[in-house]
Amino acid sequence: MNNIHEEISRCIIKLLMKEPFFAHLLSGVVRTISDKIPTAAVGMRGGNVNLYINQQFFLNDLATMSNRVAVIKHETLHLMFKHLFRMDIQKYDLRLFNFAADLVVNQFIGSWDLPKSAITLSTFPDMSLEPDQTLEWYYKKLADLRDEMQNFPQNTKVDQGEGQTESDWSQISSPQSASALEKIYGTSSHSDHRMWGKVEGDGTSTQVKSIESELDRMIVQARDRTPIKDRGSIPGKINQMIDAIIEKRKPQMDWRRALRIFSTNSRRTRVVHTMKRVSKRYGTRPGIKIKRFQKMAIAIDTSGSVPDEYLSLFFSEIHGMWRQGAEVEIIECDATVQRHYPYKGKFPDFVKGRGGTVFDPVFQFLKENRRMQFDGCIYFTDGYASKPTIKPPCKLFWLITPDGNIGDHLKYGRAIKLQ
């Protein structure tokens, strides 16, 4: 098992040296070695994006380092184009969706050598497929060809020798492409897409939206980490996509910055002794270091007026605090506190409540649980409730939904609206 992890690391280092953006994007992706998939795949599990790799396929079926880097970059491109969020089993022929997605990403592989099983524009030589088109454009072209094949009145077999036969598609518009589509329709490729469109373990739509929001953050961060001199290695179309993500995430008021400042300022520090450091005063061990710690209460308005899409956005910010080392206690409340629990990196399957909104129960809970020593409370709500009468025993930050009610009734702390 060590060999597979070492080989993946070597491939990512190769990618880092030549195309650092894609390597930086992979740094936030959980790697999972699994024989549940036949090749390689990206998917969602818990609150994270995962890269799944089959050890046998990666080490034995892929002959060269260039093949392996190409496959890893191929999966990273699926993340960049967010194909795993777009598969709809009610709308698409999933096999054709997979082929169309591969036609999109394999145009950006560059100088790396794709495996022979890869689906590219040249796989369908007589369809006049144009480069740089959308997944939907390629899907429609393939679906039209499939329909034409299904409606063809005669499907005679042509002897290919050695006991092998092949359908005769010479009378339809794109016979070579029809033959290619027939061959690949029932076979597997180097990329497995069965995990798209769902969270492993029956995750909710809220989780999917939260993971997509987190992926947007990872994409922007990957470009920020890419040195200026290396940004020319990022294809122009992908740069445009990143710019669009940044524009979509850009608020009229930078609520994320305000939230993070509040979170940072709520941290406590203490001096601890450590044998890993030498005392600056005495030159002996142990030395000291400053240790930062934080415990945050996150109150979530679970009344019926707060849409799931805002909850998913807010949970992505909670996940960021948790990853920075904060202890997070979630408090779900509508007219009463419905439940509370420590956040452990997994988005809840559901929230309890969906009644009216009253602020005081959360603040009463904080007062009754002073022993938990919260450094701050962030209250996520639409703001439609009466003025609270109970003062919280810690710092307070109100985060209001875009269509929410922000006003003087939100006492005891700063209030900012999502935009």
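Student: How many aromatic pairs does a search of the whole structure find?

Tutor: The search turns up 14 aromatic pairs. Keep in mind as we go that this is a predicted model.

Student: Let's take Phe359 and Trp398. Why is this pair called edge-to-face?

Tutor: Start with the general idea: a ring pair is described by the distance of the centres and the angle of the planes. For Phe359 and Trp398 the centres are 4.8 Å apart, and the cut-off for a pair is 6.5 Å. Their planes stand at 65°, and edge-to-face requires over 60 degrees. The pair is therefore edge-to-face.

Student: Where in the chain do Phe359 and Trp398 sit?

Tutor: Phe359 belongs to the loop between β11 (337-342) and α12 (360-368), while Trp398 is in strand β13 (residues 395-400). They are 39 residues apart, and the pair links distant parts of the chain.

Student: What makes Phe359 count as buried?

Tutor: Its relative accessibility is 1%, and buried means under 20%, so Phe359 counts as buried.

Student: What kind of aromatic pair do Phe363 and Tyr379 form?

Tutor: Phe363 and Tyr379 are edge-to-face, with 5.9 Å from centre to centre and 75° between the planes. Phe363 lies in helix α12 and Tyr379 in strand β12 (residues 376-381), so this pair ties together parts that are 16 residues apart in sequence. Phe363 has 0% relative accessibility and therefore counts as buried. Tyr379 is buried too, with a relative accessible area of 0%.

Student: Which residues do ring pairs link into a cluster?

Tutor: Phe359, Phe363, Tyr379 and Trp398 are joined this way.

Student: Are Cys377 and Cys394 buried or exposed?

Tutor: Cys377 is at 0% relative accessibility, so Cys377 counts as buried. Cys394 is at 14%, which is still under the 20% limit, so Cys394 counts as buried as well.

Student: What makes Ser213 buried?

Tutor: Its relative accessible area is 12%; with the limit at under 20%, Ser213 is therefore buried. Ser213 is found in helix α8 (residues 205-225). Leaving out residues up to four places away in sequence, Ser213 touches Arg249, Leu313 and Ser316.

Student: And why does Thr401 count as buried?

Tutor: Thr401 is at 1% relative accessibility, so Thr401 counts as buried. Thr401 lies in the loop between β13 and β14 (414-417). Beyond four places in sequence, its contacts include Val306, Tyr310 and Asp382. Between Thr401 and Asp382 there are 5.0 Å in space, C-alpha to C-alpha, although they are 19 residues apart in sequence.

Student: What lies over the face of Trp112?

Tutor: That is Lys18, at 5.0 Å from the ring centre, and the distance limit for a charge over a ring is 6 Å.

Student: Which residues touch the most other members of the largest nonpolar core?

Tutor: Phe124 and Ile298 do, in a core of 98 residues. Helix α5 (residues 94-105) gives the most to this core, with eight residues. A second, separate core of 20 residues includes Phe359, Phe363, Phe365 and Cys394.

Notes. Residues are numbered from 1 along each chain as its sequence is written. This is a predicted model: local features need pLDDT of at least 70, side-chain atom pairs count only at pLDDT 80 or more; totals for chains, interfaces and linings use all residues. Side-chain values use heavy atoms; hydrogens and water are left out. A nonpolar core is a set of buried Ala, Val, Leu, Ile, Met, Phe, Trp, Tyr and Cys residues joined through side-chain atoms within 4.5 Å. Buried means under 20% relative accessible area, exposed over 50%, partly exposed in between (1.4 Å probe, protein chains only). Helices (H or I, at least four residues) and strands (E, at least two) are DSSP runs, numbered from the N terminus. Rings of Phe, Tyr and Trp (its six-membered ring) pair if their centres lie within 6.5 Å; planes under 30 degrees apart count as stacked, over 60 as edge-to-face and the rest as tilted. A charge sits over a ring if NZ of Lys or CZ of Arg is within 6 Å of the ring centre and within 35 degrees of the ring normal. Contact means heavy atoms within 4.5 Å.
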